Amino acid sequence: MRLFNVVVLGAGGVGKSALTVRFVRDVFVENYDPTIEEEYRRTITVDGQLDSLEVLDTAGAEQFTSLNEVYIKSGRGFVLVFSLTQEATLQEVDNLRKQILRIKGGDTTAPIVVVGTKLDLVNEREVQRSTIESLSSRWEIPFYETSAKRNWHVTEVFEDLLRQMRVKFPAD
Ligand code: GDP
Ligand code: MG
């Protein structure tokens, strides 16, 4: 079993904590303290192989790029989160993506998954699937639409990222 660390990044209020806690504890937390940064661990079997993920749920100071830089340097895989109910939050995903490319080196892509949250809030949806599809193919990063509340497609996000990390970081 190997240990991979993953950093969850995105604008405030998009659902980073809800997504992380759903994955590691399998519960939905309605009002998670937006200032709490927490690191969680869980094991997961993907393609018959058990591994451990250490997931850092970042909080608060994302607007300070210097702190993002610390997170990005320390992370092996990244979950870039935006809310399907708030189109403006896609901008932060693009900023983070560019920052990761710059810090990790543009030649080799870092393991990244883009996640649109709050899929259950159909009436509040602002981001069309076609929009994310075209960004995702331009960026060459897989994307998932999820709901932490309903537990839709949450595990798939981390499975995809683990597969990418295994390829990128073969046995060390
Ligand atoms: P963070 O600041 O990115 O960590 O965002 P939170 O995880 O604290 O979530 C912000 C708000 O969105 C909270 O009120 C959550 O209950 C709500 N939320 C998060 N994920 C979902 C979801 O999948 N569905 C719904 N309906 N609400 C969500
Ligand atoms: Mg949070």
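In the predicted model, strand β1 (residues 3-10) runs parallel to strand β3 (residues 49-57), and the two are joined over 6 bridges. Within this pair, F4 lies opposite L53 of β3. Helix α1 packs on the sheet, where it touches β1, β2, β3, β4 (77-83) and β5 (112-117). The direction of α1 makes an angle of about 150° with that of β3.

The β1-β3 pairing belongs to an open sheet of 6 strands, arranged in the order β2-β3-β1-β4-β5-β6. Pairing across this sheet is mixed. Its edges are formed by β2 (38-46) and β6 (143-145), each of which pairs on one side only. From one strand to the next, the twist averages 25°. In general, the strands of a sheet pair through backbone hydrogen bonds, in either a parallel or an antiparallel sense.

Helix α1 also packs against helix α5 (residues 154-168), at an angle of about 85° and with the two axes 9 Å apart. Angles of 65 to 115 degrees count as roughly perpendicular, and α1 and α5 are therefore roughly perpendicular to each other. On the α1 side the contact involves L19, R22 and F23, which meet V154, T155 and F158 of α5. Classified by residue type, this contact of α1 with α5 consists of 4 nonpolar, 1 polar and 1 charged residues.

Helix α1 (residues 16-25) is also the element that gives the most to the shell around ligand 1, supplying 3 residues. Around ligand 1 there are 19 residues, of which G15, K16, S17, A18 and K149 come nearest. The shell of ligand 1 comprises 6 nonpolar, 8 polar and 5 charged residues.

Taken as a whole, the chain contains 5 helices and 6 strands. Read from the N terminus, these elements follow one another as β-α-β-β-α-β-α-β-α-β-α. The radius of gyration of the chain is 15 Å, close to the 16 Å given by the globule rule for 172 residues, so the chain is as compact as a globular protein of that length. Along the principal axes, the C-alpha atoms of the chain fill a box of roughly 45 × 35 × 30 Å.

Conventions: Residues numbered from 1 in each chain as written. Chains lettered and ligands numbered in written order. Predicted model: local features only at pLDDT ≥ 70, side-chain atom pairs only at ≥ 80, totals over all residues. Near = placed C-beta within 6 Å. Helix = DSSP H or I, 4+ residues; strand = E, 2+ residues; numbered from the N terminus. Nonpolar A, V, L, I, M, F, W, Y, C, P; charged D, E, K, R; others polar. Pairing = 2+ DSSP bridges. Axes fitted to C-alpha atoms, helices over the stretch in contact; angles between N-to-C directions. Contact = placed C-beta atoms within 7 Å. Parallel < 35°, antiparallel > 145°, perpendicular 65-115°, else oblique. Rg over C-alpha atoms; globule rule 2.2 N^0.38 Å.
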